[in-house]
Amino acid sequence: MTVAVVGGGISGLVVAWRLRSRGRDAVVLETSSRLGGAVGTREQQGFLLETGPNSFLDREPATRELASALNLEGRIRAADPAAKRRYVYTRGRLRSVPASPPAFLGSDILPLGAKLRVVGELFSGRAATGVDESLADFGRRHLGRTATRVLLDAVQTGIFAGDVERLSVGATFPQLVKLEREHRSLILGAIQAQRAQRKALPSGSTPKLSGALSTFEGGLGTLIDTLGASLGDAIHLGATVEGLTRVDGGWRLAVREQGRRAELDASQVVLAAPAYVTKGLLQPLDAELAARVGGIEYAPIAVVHLGFDAGTTPAPDGFGFLVPPAEGRRLLGAIHASTVFPFRVEAGRVLYTCMVGGAKRPDLVGLDEPALVALAREELKALAGVTATPSLTQVYRWPRGIPQYTVGHLERMAAVDQGLGRWPGLHLTGNAYKGVGLNDCIRNGLQLADTLVAAGP
Ligand SMILES: Cc1cc2nc3c(=O)[nH]c(=O)nc-3n(C[C@H](O)[C@H](O)[C@H](O)COP(=O)(O)OP(=O)(O)OC[C@H]3O[C@@H](n4cnc5c(N)ncnc54)[C@H](O)[C@@H]3O)c2cc1C
């Protein structure tokens, strides 16, 4: 019998693709008329626009493996070197984020006292074990108030668009907790990790801690299109899963496909839809499990693209900028999309991709499109001095865009895993649980499919 995968975002597609490439039968049921969920690339007036994510860090073996199996390795495009620099808006202007410890000491990213406090991190202690701390509390213990407010909050804004006081450090940045546990100080831990990496490398080569920021030729939609093509008629678009019941030997799904009701029997079910949808499907089966899953919050986010014709505005330097929420501005940040991936525009054109909303300003995502465009233009003018009139404007809105791993998330996940033990053949995957990045979704999807294959038909 088949494995039914509910949701055709990157998570569900990866699970189904892996199952089928290992000889198992799988179908994808996707409610909308297109695959990809948050991921999608649109061509408009000669600009390549991303509906959600713009890039991934090319350092995840699972993503490489997937790209290679799909013959996409040669189509990975790394960011242009001009995108190396990153900016944070603080104390009234954009300031360059230093790329090394000596550069940090000489930079103006933080006032002198705050920089000295960061150096004092060398003397910070360990947290009590078993305590799930907020990212802000963790940051203040290690880096001090100002660095947390300016730098740490900017970093989480770029990934989670969240509230630094509510996010769990263990669930959002587990590597920081690991560094603290193993080395006490994050700085000492980072130095030792770099040393160990250097030792493991052939002499003369430099350690590479972070991969290159990348996309695919044609944008991230290329990955979705290729997965979709390889899955062929295993994909059902316009197929909304409305119910789930246990039957002898497996599961029965109630599906509304192209307006008609149908039933599908499956040996296993992978729920790869957003947590609030999964909650509804679980509710009649297991109210406790449904409540755990349904408790995962989402932050809304709007993506506002502003495209400029050649010669109307200068090409911005660097990847883009982030705005710490404490600055009280209306932008979370902006990506200099045409600097990062010049192939996404015709020569000389400039594309800014602005992010609005997040957990701290959910109200802004409810603005109508002209208001969102006006807001993005006003903020770009105030923060980055962009005064030209864009020839292209496009808004993509995600009312429940990014799952928020708030304090208690790890405990919640442990309870969800335990709850799933009551329902053999039922599995969850997707960005709501164990990582929001594309790399996380791909790694977790492949792992889940491999577990199903290993467990036999
Ligand atoms: C604005 C934005 C920017 C981002 N930027 C980045 C970035 O630069 N880099 C990065 O790594 N990550 C980024 N992310 C995160 C990343 O894009 C997502 O975490 C990831 O794409 C989620 O994939 P998913 O398949 O788990 O979920 P989704 O994409 O949400 O897919 C779930 C699918 O389930 C379908 N569905 C819902 N209900 C049903 C139903 N009843 N029956 C059938 N199907 C159903 C939905 O239509 C959807 O297609 C960004 C996210 C957003 C929103």
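1. E65 has a relative accessible area of 38% and is therefore partly exposed, where buried means under 20% relative accessible area, exposed over 50%, and partly exposed in between (1.4 Å probe, protein chains only). The model is a predicted one: local features need pLDDT of at least 70, side-chain atom pairs count only at pLDDT 80 or more, and totals for chains, interfaces and linings use all residues. Residues are numbered from 1 along each chain as its sequence is written, and side-chain values use heavy atoms, with hydrogens and water left out.

2. The partner of E65 in a salt bridge (a side-chain nitrogen of Lys or Arg within 4 Å of a carboxyl oxygen of Asp or Glu) is R18, with 3.0 Å between the closest N and O atoms. This pair joins distant parts of the chain, 47 residues apart: R18 lies in helix α1 (residues 10–21) and E65 in helix α2 (residues 61–69). Helices (H or I, at least four residues) and strands (E, at least two) are DSSP runs, numbered from the N terminus. R18 is buried, at 6% relative accessibility.

3. R18 and E65 also belong to a salt-bridge network that includes R22 and D450. In total, the structure contains 30 salt bridges.

4. A further salt bridge connects R64 to D58, the closest N and O atoms being 2.6 Å apart. Here R64 is partly exposed at 32% relative accessibility, whereas D58 is buried at 17%.

5. D417 and K434 form a salt bridge at 2.8 Å, N to O. Their positions are 17 residues apart, D417 in helix α15 (residues 409–420) and K434 in the loop between β20 (426–428) and α16 (438–454). D417 is partly exposed at 41%, and K434 is partly exposed at 44%.
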